[in-house]
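User: I am new to this structure and would like to go through it step by step. Could you show it to me before I ask my questions?

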Amino acid sequence: DWVAENFLPYGFDMICTDGWIEGGQTTNRNGYITKYNSSWKNDWKYWIDYIHSKGMRAGIYYNPLWMTRTAYERNYHIQGSDLRTKDIRGESGDFNSDLYWVDTDKPGAEEWVKNYVRHFVDLGFDFLRVDFVCWYENAYGTDRYRKLLQWVAEAAGDDIEFSLVMPNCWNNSENELPYADVMRVSEDVFGGGWDFISNRRRGQYQDGWANWGNAFDGFIGFAEHSGRGRLIMDGDFIRLNTCDTDDERQTWVSLMAMTGSPIAIADQYDTGRGFEKFYQNAEILALNKAGFAAKPLSTNNTSALSSIWVGQLPDGDWVCGLFNREDAAETMILNFVRHLGFTEEQANAVEVRDLWAGTEMGVQQKMMRLQVPAHACRVLRVKAPVKRYQVEAAGAYGNAAVVY
């Protein structure tokens with residue numbers, strides 16, 4: 001209700017569950033869960049209908065390779081095969097005592113996974129968040145893991161978005177890129193704050209989940225794969241209540257918008273009050289709605305240029321994000337020729353708008369030198385002047401000066 005009232009008008013149109021699903025042991029005759037938790041009075045269908053009644057879409061957190069303890073013990077018939085649930089349980093370890101892994105090498109596993117995805121589609125979910133995939137790959141191997149990705153993608157089609165969480169991303173993400181629509185690029189938000197935004201394990205890469213500890217490094221590290229019509233980088237959830245300053249809050253939302261990440265509110269109705277305005281900047285949110293995804297000027301996260309992100313909107317305007325990751329104010333420079341590719345002539349008359357201040361900054365020349373406070377950002381919309389040519393037109397139009 002809080003989301004529908006405060007954020008739906010700004011484009012936040014999905015409610016998605018996350019985690020703590022071991023208590024969901026109520027299943028249908030195919031062994032698929034029908035409730036978030038067995039102790040809850042209402043099932044998935046009730047809550048999906050409720051969310052839809054608010055004008056929003058529903059997303060679910062679940063891995064189709066999970067088999068509930070109940071589904072295993074009741075040994076259900078696997079839809080689309082002659083096998084039963086006990087036939088496909090993995091032998092290289094369980095996820096935990098309430099959820100077992102399905103072995104994708106076993107007959108019947110493909111039917112289990114694909115029909116699980118279709119089960120969620122048929123219920124009315126639009127988004128499927130598949131987590132802990134590195135645990136499976138580590139225990140069962142890459143070949144079996146790749147089957148999961150392929151089966152989920154095939155079953156999902158265009159009916160449900162496939163979000164991948166906790167991938168190892170080995171060999172430059174060669175297994176994940178062909179299949180996932182959305183992919184996590186850094187650790188979980190956990191306690192949030194500046195630690196998660198920029199500082200956790202800063203600059204420290206590891207081969208395997210999580211490649212990067214903080215969201216900023218994750219976005220830099222995966223920037224080569226992202227862009228409109230390509231992979232959507234997922235920087236995990238936003239918890240503005242964990243920030244120390246409003247500058248950090250603006251930076252967090254801006255980072256998600258600039259990189260094309262989902263802007264996912266994880267403040268609760270009782271912890272997020274007073275921070276709503278940071279999620280309600282229409283000019284920042286317009287970037288996400290346009291499918292915008294910028295790139296850093298450098299993918300070397302030790303370079304100052306990796307803190308400047310630039311990209312173009314469909315109308316040709318540039319949007320530039322200057323992020324200060326440091327603990328003291330920094331002077332940051334945006335050069336219209338070197339960084340945006342303007343001609344010298346174009347760079348003499350550049351119109352700039354500050355998207356957080358909501359103000360025009362006037363005509364700028366050559367470059368902008370901005371003082372950016374610690375943990376703060378400046379997000380600028382830059383309009384390159386169109387070169388005007390004057391042509392003498394004759395013939396049917398007579399003698400007239402045409403400017404285009």
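Predicted model: local features only at pLDDT ≥ 70, side-chain atom pairs only at ≥ 80, totals over all residues.

User: How many nonpolar, polar and charged residues are in the contact of H4 with H6?

Analyst: Ala, Val, Leu, Ile, Met, Phe, Trp, Tyr, Cys and Pro count as nonpolar, Asp, Glu, Lys and Arg as charged, and the others, Gly among them, as polar. On that basis, the contact of H4 with H6 divides into 8 nonpolar, no polar and 4 charged residues.

User: Are H4 and H6 roughly parallel or oblique to each other?

Analyst: Helices (H or I, at least four residues) and strands (E, at least two) are DSSP runs, numbered from the N terminus. Helix H4 (residues 109–123) and helix H6 (residues 142–156) have axes 9 Å apart and pack at an angle of about 40 degrees. Angles under 35 degrees count as roughly parallel, over 145 as roughly antiparallel, 65 to 115 as roughly perpendicular and the rest as oblique. H4 and H6 are therefore oblique.

User: Which order do the strands of the open sheet follow?

Analyst: Two strands pair if DSSP finds at least two bridges between them, and strand S5 (residues 127–130) pairs with strand S6 (residues 161–164) in the parallel sense over 4 bridges. The open sheet has 6 strands with parallel pairing, in the order S1-S2-S5-S6-S7-S8.

User: Which are the edge strands?

Analyst: An edge strand of this sheet pairs on one side only. The edge strands are strand S1 (14–16) and strand S8 (232–234).

User: Which residue in S6 is the bridge partner of phenylalanine 127?

Analyst: The strands S5 and S6 are joined in the parallel sense. Within S6, phenylalanine 127 has as its bridge partner glutamate 161.

User: Over which residues does pLDDT stay under 50?

Analyst: pLDDT is the predictor's confidence in each residue, from 0 to 100, and the chain averages 94, with 95% of the residues at 70 or above. One stretch, for which the model has 20 contacts beyond four places in sequence, stays under 50, namely residues 388–404.

Technical notes: Residues numbered from 1 in each chain as written. Heavy atoms only, no water. Axes fitted to C-alpha atoms, helices over the stretch in contact; angles between N-to-C directions. Contact = heavy atoms within 4.5 Å.
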